[in-house]
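Dear colleague,

I am handing over the structure below, and my notes on it follow.

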Amino acid sequence: MTRNDSVLVLWDVDHTLLSVGGVSRSIYEHAFNATTGRPLRDLASMAGRTERAIITETLQLNGIEASPALVSDFYSALGVAAQELEGEMRNAGHSLPGAREAIAAFDSKNAVQSVVTGNIRPIARTKLSAFGLVDGLDLEVGGYGDDGSDRADLIRLARERVEEKYSIHFTGKRTFVIGDTPHDIKGAHDAGALAVGVATGPSPAEALRAAGADLVLADLTDSEPLFRAVLDSRGS
């Protein structure tokens, strides 16, 4: 695969490439206390959602108005908290089976790889660094949790950033979104991309198929179907 017929692979982070156990809540507890001066009582559902949506709902659940200034401060506090808790991430979490090998395999095929994640960029980078998953991923581009609340918007923005940087136009069938929830599947299709579901998170394979995934894998060790789909997409 050359750059001219390359594909774009956009990875979800949590429960697709890695797991940090219960540290995600700890990050929010630290950030909530730093920005509001209060302990966190209620945390919004996090699965498949963006940081913007989680912050807004969490503040509301705790009786606090989600003003733009407070949300901005919350983003900064999350980044600081993630760095402070990187050691806990390593202790409580792990990279998921086949994640490092899948990234390396795509890198060897000259695929352009980045992330589309609900995490803001500093958190995504810290998590990926904690488990040695940064190599092969271009984190300067991608779509992040402070870019919007809609996954499809994050995917479109990631593709725009990649195309601007690499001067390659990626049609829908040359863009793959790999994630573990129906939110990832819907976002991919709404953005005109192909959706690959990985059943390593809270959503079983049946739920990912029901959401319309173009391909469902048990985990990333089962990579041959994924690579075949990528190779078949060239020239589309």
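Does Ala-34 count as buried or exposed? Please keep in mind throughout that this is a predicted model. At a relative accessibility of 59%, Ala-34 counts as exposed, because the cut-off for that class is over 50%.

The crossing of α1 and α3 is right-handed. On the α1 side, the residues that take part are Ile-27, Tyr-28, His-30, Ala-31, Phe-32, Ala-34 and Thr-35, and they meet Leu-70, Asp-73, Phe-74, Ala-77, Leu-78, Ala-81, Ala-82 and Glu-84 of α3. By type, the residues of this contact divide into 11 nonpolar, 2 polar and 2 charged.

Helix α3 also packs with helix α2, residues 51-61, at an angle of about 115°, with the axes 11 Å apart. This crossing of α2 and α3 is right-handed. Here Glu-51, Arg-52, Ile-55 and Leu-59 of α2 meet Leu-70, Val-71, Phe-74, Tyr-75 and Leu-78 of α3, and the residues of the contact comprise 7 nonpolar, no polar and 2 charged.

The crossing of α7 and α8 is right-handed. In this contact Arg-151, Ala-152, Ile-155 and Arg-156 of α7 meet His-183, Asp-184, Gly-187, Ala-188 and Asp-190 of α8, with the residues dividing into 3 nonpolar, 2 polar and 4 charged.

In soluble globular proteins, nonpolar side chains tend to be buried together. The largest nonpolar core in this model has 56 residues, and those with the most contacts inside this core are Trp-11, Ile-27, Leu-78 and Leu-128. Helix α3 supplies the largest share of this core, with 8 residues. If neighbours within four places in sequence are left aside, Leu-128 is in contact with Val-13, Leu-17, Leu-18, Val-115, Leu-133, Val-134, Leu-137 and Leu-139. There is also a second, separate core, made up of 22 residues and including Leu-8, Val-141, Val-162 and Ala-188.

Finally, where in the chain is Glu-140 placed? Glu-140 sits in the loop between α6 (121-130) and α7, and with a relative accessible area of 58% this residue is exposed. Leaving aside the neighbours within four places in sequence, Glu-140 is in contact with Arg-121 and Lys-165. Between Glu-140 and Asp-232, which are 92 residues apart in sequence, the separation in space is 28 Å from C-alpha to C-alpha.

With best wishes

Key: Residues numbered from 1 in each chain as written. Predicted model: local features only at pLDDT ≥ 70, side-chain atom pairs only at ≥ 80, totals over all residues. Heavy atoms only, no water. Left-handed = near helix turned anticlockwise from the far one by under 90°. Helix = DSSP H or I, 4+ residues; strand = E, 2+ residues; numbered from the N terminus. Contact = heavy atoms within 4.5 Å. Nonpolar A, V, L, I, M, F, W, Y, C, P; charged D, E, K, R; others polar. Core = buried A, V, L, I, M, F, W, Y, C linked by side-chain atoms within 4.5 Å. Buried < 20%, exposed > 50% of the residue type's maximum accessible area, 1.4 Å probe, protein only. Axes fitted to C-alpha atoms, helices over the stretch in contact; angles between N-to-C directions.
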